[in-house]
Amino acid sequence: MILDKVLEKYVDRFNAEDEEIYRQEIGNEQALDWMRENVPLFECPEPDIEEIYYFRWWTYRKHVKKTPEGFIISEFLPDVPWAGKYNSINCAAGFHIREGRWLRNGRKIIEDYIRFWLRGSGDVRSYSTWIADAVWDYCSVLEDYEFGIEMLDDLIANFEWWTKEHRTDNGLYWSIDDRDAMEFSISGSGFRPTLNSYLYADAAAISRLAEKAGKEETASRFAKTAEKLKESVQNNLWNGDFFQVIPAEIDCKEKCFIACGTMDFEEIPADRNVKELIGYIPWYFNLPDAGYEKAFYYLTREENFLGKAGLRTADRSHPRFAYEVPHECLWNGPAWPFATTQALVALANLLQNYRQEYVSKEDYYRILKSYSESQHRITEEGKKIPWIDEDQDPETGEWIARTILKDGGWMPEKGGYERGKDYNHSMYCDLIITGLLGIDPSQEPPAVKPLIPEDWEYFLLEGVKIHGKTYTILYDRDGSRYGRGEGLQVLLEESIQI
């Protein structure tokens, strides 16, 4: 492959800089061969974006874990007390599957992992997640829906559990911020854009899979369910210019709502009536109809979400922004790669699928570049190395949880030494493939609508497998870099001679 030496350079450096503390199925010495066999290779003119693309594949393979039930993908490398069996945690499973769908030889890993959540001992409802939507995304890259059809009854059963346990008469689902993996938020628990968007996406995915299976009644029923949930989100969670939480104190046993149980934003107490980054999650799944795009006005404003070193999870102008809590994991303002991932997918979908004038592809690139730059750490020796961890100070880029845990002596009950190192709680590589490069795997050959800057003269994505065929996708402004002519090229691998 053209970029094999580029891959080798990065892997050798990452291995040399790494403290391999918690080894699972694929150790550092196997990383190069594994990535060579599985990962689409990439080059571009922006060093941080190129570096972090390889770094995040290099860290992803660390989380491939073999269990008696097959392969799973972990979130933390060290065991943490709040995890399920085999140290599994489901909240980022949608990211794990969407990212892993690009592995050329990853079918057993991803399908074992999905079966673990739906048929094995994994607790798929420990946290909220979007499992059916992720299965659809996975099948769409393969253009093989048999696996999704096989899982259809399990996906329906999961959806029906949420409906029985969490849906109320207003058509919305309630969730607890901690069970959305977003503890100590400003808005707190209630009717949140998180779970409601996830279940909209799951209902739509179940409908599409049922249609593929020839189950017309099921497809129609879930299409209607998705449409009704969309209407409930738009009618109730929209506060004139933003999707927000309707707070409520949840009595889980009685399934009732007290205190802030009003559905009128004008009546919600000011201390919990807040814009949060989760307000962009509906666009992650293309949920909103046209007409709601004004929410993106706030995304790029420094007084709201745009920090110097990342996207804040809450509006900085709110009086309870970054309120004091003695805990290392806070969603009241710090930047989280999890939330930044959701916002970037939402922003790419907005730019590709909606007409609006609030943000541009330059904004997408600026936020992506900031996200790339943030994935570093300065070592005690003063060396800057790639790093992915938990939450960050959105102004300085400091890894907040790491600092607190280190200063506390790496307590075992908190996960021990370097708990958050190589944290697999977000995406990056899919943001490059489907976002920055604009590759749509639903078509063959794939449609490509890049969001790259105007001054980029080239990019190359080599060995990306879509619908069972392997493609190289490149852009060469004047044709001099790759010798294949000017502009954008989508090439089948067997036809390439560069």
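**Entry 1: cavities**

I looked up the largest cavity, and about 90 Å³ of space lies in it. The model is predicted; local features need pLDDT of at least 70, side-chain atom pairs count only at pLDDT 80 or more, and totals for chains, interfaces and linings use all residues. Residues are numbered from 1 along each chain as its sequence is written, and side-chain values use heavy atoms, with hydrogens and water left out.

A cavity here is a set of points, on a 1 Å grid over the protein atoms alone, where a 1.4 Å probe fits but cannot get out; lining residues have an atom within 4 Å of a point. Points are joined across faces, edges and corners, and a volume is the space filled by probe spheres set on them.

I found 4 cavities of 30 Å³ or more. The largest has 13 lining residues. Ala309, Gly310, Leu311, Thr340 and Tyr371 lie nearest its centre. Two elements give two or more residues to this lining: α12 (337–353) and α13 (361–374). I noted that α13 gives the most, with 4 residues. Helices (H or I, at least four residues) and strands (E, at least two) are DSSP runs, numbered from the N terminus.

I sorted the lining of the largest cavity by class: 8 nonpolar, 5 polar and no charged residues. Nonpolar covers Ala, Val, Leu, Ile, Met, Phe, Trp, Tyr, Cys and Pro; charged covers Asp, Glu, Lys and Arg; the others, Gly among them, count as polar.

The second largest cavity holds about 70 Å³ of space. Its lining includes Glu19, Glu20, Arg23, Lys62 and Asp422. Here I counted 4 nonpolar, 1 polar and 7 charged residues.

**Entry 2: the largest pocket**

Next I turned to pockets. A pocket is an open set of grid points with protein on both sides within 12 Å along at least five of seven lines. The largest has a volume of about 790 Å³. I listed 35 lining residues, with Arg98, Asn286, Asn349, Asn353 and Asp440 nearest the centre. Elements giving two or more residues include α6 (131–142), α9 (193–212) and α15 (429–436). Helix α12 gives the most to this pocket's lining, with 6 residues. By class, the pocket lining has 16 nonpolar, 10 polar and 9 charged residues.

**Entry 3: salt bridges**

I searched the whole structure and got 43 salt bridges. Each is a side-chain nitrogen of Lys or Arg within 4 Å of a carboxyl oxygen of Asp or Glu.

I checked Glu249 and Arg272: their closest N and O atoms are 2.5 Å apart. This pair links distant parts of the chain, 23 residues apart, with Glu249 in strand β7 (residues 249–251) and Arg272 in the loop between β8 (256–258) and α11 (281–284). Glu249 is partly exposed at 35% relative accessible area, while Arg272 is buried at 11%. Buried means under 20%, exposed over 50%, and partly exposed in between (1.4 Å probe, protein chains only).

Asp363 and Arg366 meet at 2.9 Å, N to O. Both sit in helix α13, 3 residues apart, about one turn of the helix. Asp363 is buried at 13%; Arg366 is partly exposed at 40%.

Last, I looked at Glu418 and Arg402, whose closest N and O atoms are 2.7 Å apart. Glu418 lies in the loop between α14 (400–407) and α15, and Arg402 in helix α14, 16 residues apart. Both Glu418 and Arg402 are buried. Salt bridges that share partners join Arg377, Glu380, Arg402, Lys406 and Glu418 into one network.
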